[in-house]
Amino acid sequence: MFLSSADLDAIVLTLKLASVVTVLLILISTPIAWWLARTQSWLKGPVNAIVAMPLVLPPTVLGFYLLIFLGPQGAMGQALSKLGIDPLPFSFNGLVVASMLYSLPFVVQPIQNAFAAIGKLPLEAAATLRSSPWDRFLHVALPLAKPGYVSAAVLGFAHTVGEFGVVLMIGGNIPNETRVISVQIYDHVEALDYSQAHTLSLLMIAFAFVVLACLYSVQKRQKNSAAASSFL
Amino acid sequence: MNTPNKSLQVRLSQQHLKQSTFSLEVDLTLPNRGVTALFGPSGSGKTTLLRCIAGLETQQQGDISLNEVVWQSPTHSLPAHKRPIGYVFQEANLFPHLTSEENLQFAVKRADTEQSVITYEDVVSLLNIAAILPQYPHQLSGGERQRVAMARALLVQPRLLLMDEPLSALDDGLKQEILPYLEQICQRAQIPIIYVSHALDEVIRLADYIVVLEKGRVIEQGEKYTLLGRLGTSFSRHQDASVVVSGTVTQQAAQWGLSWLTLNDQTIAFKQGKEQIGDLVSVRIQSRDVSLSLSKQDDSSILNRLTATIDDMDNDPKDTSMVMVRLLVGDTPILARITALSAHNLALHKGQTVIAQIKSVALLR
C-alpha cells in the first residue's frame, strides 16, 4: 500500500482545491447567511431554495450547466474571454468555481443557523451600548456564531474533498490541474489497479470519519454550554 | 420645577397594525431628573414606550427629544447606538461569550467621553461585583447577572438610563437582594432614569414621578407624593394603596428599636433603620393600616395617632363595602381604607377632624 507520485499529486491538488474553496465560500456565505437569518422579505424562501439546490441536484446537472455557461460559447465564458481571462472549464479555477457552487449549502446553512440562534437580544444590548451595526456584527455576532463557522468550514472542506461528478463534468482529468483524489480512484479502478484504489479509498474513509467524529464531538460540547447559557 | 426645554419630550402615535388592536398614543413631558416610573399592567405599552425612547422600535412615528436635542422626528430618527442612553433589560442580556469584566469593558470602550456619570471603580463597588468580574455570565446567579448588566448600562455614561422591569425575572429573595442596589443607583445617578414596572412596591420605593399607562394611553401622571395621595386613581383603588410621607428624624429610642419623624408638629414612629437624627426619611403608609376614630384613645396599642382633617371620600365602584378617605395632616395626604358601614356610623364628612391611627409604617429609605 504505497502512494504513487501521481497519487500524491492528486492529494495535494485536492487539499489545495478544498482550502481555496473553503476560504472563498466562508467569505461569500457570510453576507448571504446574515441576510437569510434576519430578513423578513418574501425573497427569503426562494433564496433559501437556490442555496439548497446543490443538495438535491445530481452533480452532473450542475456540472453540465456550468460547462455550458462557462464554456467558450456560454454567456460567462464570452464575457471572460473579452476580459482576456482563459476559459474556466478544464482548469483549476473552473474547478474552484464549480466546487463553490456545489458546496455552498454546506457552508451557508451552518452559518445561517448560528446567526439565527443569536436572536436579536444581544444585538439590541450592543446597540444600547453605542455599538454601530458594523461593530455589532464584528464583536457580537461573529464571536457568537463561531461554532457555526467551525461547522461550515469543516463541512465545506470535507464536502469539496469528496466531490466527483462536478469535477468530472467541468474539470476532466488533467494531472496537477483537475485530477483530484476521487478522479484518481476512478482511474485506478478503470485500469483494474485495485490495490492503489484501495489505498486512496481507505484514506478517504479515514479522513471522512475523523473529520465528522471531531465535528460532532465539538458540537455536542457547544450544545451543552449553550444550554447552560440560554437564559442570559 | 422643570422648564419645558429641560425635559424628556415624547410624543408618539402609532398607526393600528393590521393584526393587532394595540396602539401607543402618548404625549409626555417627563422630568429630566430623578426616577420616572412607567407603571401599568402587562400589555399596557410601557415596554414598547421605553423601546421607542431607546430607538429599538423603528416602526413608531413621533417626536422624541431630550433637553431639546431631537432624537426622533417624523422625518428622521437617530438609531439606537447614537442615542446617549443606557438600557437595562428584563433579563440581564449579557454577552455570553465575554466575562463580566469584558462585558463592562465593552461599554467602557464605547462610552460617551464628554459625559461622566460614574467611574469604573465606583460602579464595581456600588454594585459589589468585584468578586465576579472574571466569571462568564452562565456561571453567575440571576441576581449577579442583573447587577453586572446595571453596571454595564451605567459605564456607557448615559444621559438617560432606561430600565425595563429589571427585577421581574428574579424571584422574591433575589428581588430583595437587588432593590438596595437599585435604590443606590437611583439616588447616586445624576441622570434621569425611566423605570418600567408593574410592581407597585418597586414603584413606591424607587419613583419620584409616576406615569400610569393602560392600553397604550397615559391615564394618570404626577409626582409620587401627590399622585399616591389622590382619590379615584388606579393607585387609590389598588389593594395595596399607599402614600409616601417624608419628614426629618427628630427622635430615636434604641432600646425600643424605634425612630420618629416629625410631620407638621406631629410625630410618626417607625422601626429604626440606619437613619440618624436630622436625616430626611420617607415612610410608606398603606391605606388598610390606617383606621379612624373621633377621639384620641390613649389605651390603644397603636403608637401613631395623628390629628387629621377629612379632605375627600371615594367609594370604590368595584367594592361598595369599602370607602377610601383622604386625610390631610397639614398639607400631607394620607389615605385610610375603612368600611362603608364605619363611615356611616361615625357620620364621617368632609372637613371633619378625626384621629388617624396608623398600625404600621414601613421605612423606605
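Analyst: Here is a walk from the chain contact to the salt bridges and on to the strands around them.

First, some housekeeping. This is a predicted model, so to speak, with rules attached: local features need pLDDT of at least 70, side-chain atom pairs count only at pLDDT 80 or more, and totals for chains, interfaces and linings use all residues. Residues are numbered from 1 along each chain as its sequence is written, chains are lettered from A and ligands numbered from 1 in the order in which they are written, and side-chain values use heavy atoms, with hydrogens and water left out.

Let's begin at the contact itself. On the chain B side, 27 residues are in contact with 23 residues of chain A, where contact means heavy atoms within 4.5 Å. The area buried between the two chains is about 2200 Å², and carbon and sulfur atoms give 64% of that. Buried area here is the accessible area (1.4 Å probe) that two parts lose on being put together, summed over both.

What about polar links? Eight residue pairs are in polar contact between chain B and chain A, with both residues at pLDDT 80 or more. A polar contact is a pair of N or O atoms within 3.5 Å; within protein, one must be able to donate a hydrogen and the other to accept it, and residues adjacent in sequence count only if both atoms are side-chain atoms.

Which parts of chain B do the touching? Strand S6 (85-88), helix H2 (100-110) and helix H4 (142-155) of chain B are the elements that give two or more residues to the side facing chain A. Helices (H or I, at least four residues) and strands (E, at least two) are DSSP runs, numbered from the N terminus. H2(B) supplies the largest share, three residues. Sorted by class, that side of chain B has 15 nonpolar, five polar and seven charged residues. For that sorting, Ala, Val, Leu, Ile, Met, Phe, Trp, Tyr, Cys and Pro count as nonpolar, Asp, Glu, Lys and Arg as charged, and the others, Gly among them, as polar.

Now the salt bridges. The rule asks for a side-chain nitrogen of Lys or Arg within 4 Å of a carboxyl oxygen of Asp or Glu. The structure holds 16 of them over all chains, and two lie across the interface of chain B and chain A. In one, the side chains of B:Arg110 and A:Asp135 meet at 2.5 Å, N to O. This pair crosses from helix H2 of chain B to helix H7 (residues 133-144) of chain A. Both B:Arg110 and A:Asp135 are buried; buried means under 20% relative accessible area, exposed over 50%, and partly exposed in between (1.4 Å probe, protein chains only). A:Glu124 and B:Arg51 also meet in a salt bridge, at 2.7 Å, N to O.

Within chain B, B:Arg11 and B:Asp63 are joined by a salt bridge of 3.6 Å, N to O. This pair links distant parts of the chain: strand S1 (residues 7-13) holds B:Arg11 and strand S4 (residues 62-66) holds B:Asp63, 52 residues apart. B:Arg11 has a relative accessible area of 44%, so it counts as partly exposed. B:Asp63 is partly exposed too, because its relative accessibility is 26%.

Further along chain B, the side chains of B:Asp311 and B:Arg326 meet at 2.6 Å, N to O, in a salt bridge. B:Asp311 sits in strand S16 (residues 304-315) and B:Arg326 in strand S17 of chain B, so the pair ties together parts that are 15 residues apart in sequence. B:Asp311 is partly exposed because its relative accessibility is 31%, whereas B:Arg326 has a relative accessible area of 18% and is therefore buried. Back at the chain contact, A:Glu124, B:Arg51 and B:Glu57 belong to one network of salt bridges that share partners.

S17 (residues 322-329) of chain B runs antiparallel to S18(B), joined by eight bridges; two strands pair if DSSP finds at least two bridges between them. B:Met324 stands opposite B:Arg337 in S18(B). The two strands form a hairpin with two residues between them, and B:Gly330 in the turn has a positive phi of about 65 degrees. S18 (residues 332-339) of chain B is mostly covered, with six of its eight residues buried.
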